[in-house]
Amino acid sequence: MAEPVTQQIILCSTCQGDPRASLTCKACGGSGLGLPSADGLLTWGAVVDDFALAFRKIKLRINVFFHLTLIVLSLLTLAAFVWRLMRLDNLADVSTLRFWSAGYPEVTFFWFGLFLDCFIIFRLVEYTRDVKLLPNWGKNKAQRTVYEAGAAERSKHRFNVSLFFTDDAWQTVGNAYRLAKDLHLGEVTVTHLFAAAISSNTGAIFMTRLGLPFDKIKDPLAQMCHTATSGPPPIPLSRDVKRALILAYADARREHRKYVSTIEIFLQAFRNEPKLQELLDSLGFPPDHVVHVAEWIRLQDKLREDQERFVTLAMLKPATVMNRAMTARQTPLLDRFSEDLTLAARNGYLQPLIGRSQEMEELLRAIESGRRSVVLVGEPGVGKSAIIEGLARRMVEEDIPPQLFDRRLVSINLPQLISAGDPGLAAERLFAILNEVALSGNIILILHGIESLSGGSSHGPLDLAESLSTELDKGYFLAIGTTTPHAYTQYVERRSLGAKLTRVNIDEMGRDDAIRVLMAKSGSIEFQNKAFFSFAAIEKAVTLSARYLHERSLPDKALDVIREASVLARKQRGERTFVTADDVAAIVHEKSRIPVEAVSSDESAKLLNLESELHKRVIGQDAAVVAVAQAMRRARAELREGKRPIANFLFLGPTGVGKTELSKSLAAVYFGSETAMARVDMSEYQDASSIHRMIGAPGDQRGGLVTEAVRQNPFTILLLDEIEKAHPEILNLFLQVMDDGRLTDGVGRTIDFTNVVLIATSNAGTQFIQDEVRKGTPMEQVKTTLMEQELKGIFRPEFLNRFDAIIVFKPLTQDDVSQIAWLMVNKIGERLAEKGMKFRAEDAAVEQLATLGFDPLFGARPLRRVIQDRVDNQLADLILRKAVQRRDTIVLQADLSLLVEPAPPLS
Amino acid sequence: MNNRVGAVAHLLFIDLLGSIAWFPVWWYTKGLSLIASNAIAALTYRSQSYSFRIWIRNFFVPMYGQFDIWGRIISVLMRFVVLVGRSIAITVEAVIYALGIVLWALAPPLTFLLGSQSGVLGAILTP
């Protein structure tokens, strides 16, 4: 929640702020309480009752009537004068003294009419608006300091904040009073004030932005409104209401608003009534969401005010390449390869910069510190261009250091410049351009992607960085470059160009700042796509893109998401629709392939029955199945730690007991397909050098096998088969993956593993497990001994510690193998069904297969071979000999021979 | 009740009738300062658009990047002429604004006097 106002409210020593007692209290004049401030002791000095509210309205009407009467009178005098003019024989008589001194009544009216006009001007300036401007509105820093200096003197006086409330805000206070009156209550409470605020026009905008339908809050709020004690008139404002109204004034003043409006009343009512916070929270709107939405509404007002100021200042800026001192000269070549950002800003094409004040100060400081050029270093999407555009706007407003005064910000199109292909021509062009810039003397160069001058682009070997560096050295002009941290290290830092540039780091934006940027930019997207954003959509776009989209940075990636979500919403539901959090989630799902939407009822059923689903393919191994199912449920209910993979499992056990099968069935059941799994055979990574195959060789843009698989498909199962065979160096790599959920590939990209289910399988300790199971040792004991003794020599303890669960798969029993035999035989049936044939196996036949395929050492593997030899081979013969037709039934008999039952002829 | 009487009295005697008495005082205090500050703001904006400070600071800097001797000489002359021209322009504007302020100050008594004079003459001359 945004900062609450902590100043102490002072109660009147006579009436103690009691609402009823204060009505007649002479000491405080009815205000009851006050808040010390630089303006004086803030009090609510207005009476709110039927008479006061009606009188306020009547007063406004009387004023309007009075002014209209005066204007009509003035017009009548003018009309009389014109009538006199029309009656003149010769209009030239007007210029004679005779005309003016003839004592015509119309001339008398004319002069008195002018006098009346003076009075009308006075009335209109002084009496039209019944609201006072906040004391610090429109004051600059110096004026504010002078004002603040008189705070001590003013503190002795009461300061009536009610004079600064807009008509709309007064309407809200009046409605709160009427609500309490209609309910026959003894006083107006904060809840009434809140209810009145959300019923206003501002409240309607607020509720829409919040995504809260009025019907949803109506009943519980009405109930809360009834809870105040009833009592006879007069109905005073409660102590808390007065406090909220005073704080609304303090809030508006702090935010440099012109007046106190309904949004401030709304905010303070909400902040000062915990029950209202609880109510909205129970409806799914936490307090910080509510405060953010209020900020959103105020931000849009503020942007509008800023834009008005900007337009006035922009008129002073020249609309051509010439500066105001006229010292510049024409730059024809530069103009061909560049865009004038100050001109674009002047003409209103660049949007204001939101946040980033620290970075902007750093940039300006670097420029101010001397003849130093600057490079902005930040990941794609952090807002380097936005900072430069913000600088262009500040140059238009001339709110900048002297070094930038009366200059142009010109962005060179580097790809166009170097796309000639011929390095000689590109260098020649650059020199000519830099020469023009130096001679012109009023240009600050912008070089987006400065690394492309050092060959860090796709345009082949080209090195113009030295040329630029030499020119910068002469100090005839300043340049601001942008680049990514990786490109800076690789192409700029150690070059002479790097030494000439002051580095300013642009880090990724925090969540709250990114939300603010989205709020500020949402207006133009809404206008473009004719769809409106709810706060939940904005907030979700930032949260989800921060968590699931790692290729770019905030706020750019979140802006992309809301842009696409608005198009999606418009296409699905037509124009003037609302973009919801679900639309945003759908876009993020599409981009990341990670299910981020709220859990649907289908999915919820699937998750709750995951064990039985997995058991359809995996026989036995209950502990393993339960562990995997629980991990998936935790992940989907967002209960897991966000910075680790969904789960890290180590499956231990003999071969053929279902370790890989469980992974495959999880992929099939939950991830949609058996192939939705990155399977890595760790026996292929037995030497240390194979690490490059896994994460990519340094500088190789293709990346590594594992990192690329996860980058392309971050929501997946990463199956590390036979992990004990991998080189220890490679296992160290996975320590970080299991702990932090990320891995840096050869190119320097950080790959996100937080949506991966990491399953490592191992046959280590197989002999021990089989021996112990044969002896009948309980599985818990087998596992403990295995961890403490058997695995010690194979895996390092810190590696084993990183697993969420180490699951020991039991060797299969004869019974398990029988069930597996049934599964396999059923699969044969499914394959034959595709060919239009039916298949049936006798129980004894399956039992026979299970007996033949059972081997405690190799689990279910021999069974597959037995079925292949005894059943599949015979089937192949039958099909090739055409001994079986479509619709026929093949029966597997007890002696494992096949019998074909021909289908009855079609009648 | 006192508040109600006070409010009605305020409306009648201060807001409506009182404004007639308040009018001349306002005209020569708040009103005059308002008109003067508006005139000053308009002149400041205009002087900013004329870029006097920038032109004086760059008086000897050649225009259009012509750094040769003739470029410099012509530039200084040109700057001088332009500065004189703009100074005249802003002076004229300042005079117009000043006249406006004087007119503001004279308007109520002048119109009232002329109106009264015309009224009196009308009464005398009309048979």
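Predicted model: local features only at pLDDT ≥ 70, side-chain atom pairs only at ≥ 80, totals over all residues.

1. Annotated segments. An unreviewed UniProt entry lists residues 64-83 and 103-125 of chain A under "transmembrane region". In the model, residues 64-83 of chain A are 100% helix and 0% strand, with 28 Å between the end C-alpha atoms. For residues 103-125 of chain A the figures are 91% helix and 0% strand, and the end C-alpha atoms lie 33 Å apart.

2. The largest nonpolar core. This core comprises 144 residues. The members that touch the most others are Leu193(A), Phe266(A), Leu518(A), Ala541(A), Ile562(A) and Val584(A).

3. Contacts of Ile562(A). Beyond its neighbours within four places in sequence, Ile562(A) is in contact with several residues, including Leu518(A), Ala541(A) and Val584(A). Phe533(A), Ile538(A) and Ser522(A) are also among its contacts.

4. An open sheet. Five strands of chain A form an open sheet with parallel pairing, in the order β14-β15-β18-β13-β19. At its edges are β14 (677-681) and β19 (805-808) of chain A, each of which pairs on one side only. From one strand to the next, the twist averages 20 degrees.

5. The pairing of β14(A). This strand and β15 (residues 716-721) of chain A run parallel and share 5 bridges. Which residue of β15(A) is the bridge partner of Asp681(A)? The partner is Asp721(A).

Note on methods
Residues numbered from 1 in each chain as written. Chains lettered and ligands numbered in written order. Core = buried A, V, L, I, M, F, W, Y, C linked by C-beta atoms within 7 Å. Buried ≥ 20, exposed ≤ 12 C-beta atoms within 10 Å, placed from the backbone. Contact = placed C-beta atoms within 7 Å. UniProt positions renumbered as here; feature names shortened; annotations may be inferred. Helix = DSSP H or I, 4+ residues; strand = E, 2+ residues; numbered from the N terminus. Pairing = 2+ DSSP bridges. Axes fitted to C-alpha atoms, helices over the stretch in contact; angles between N-to-C directions.
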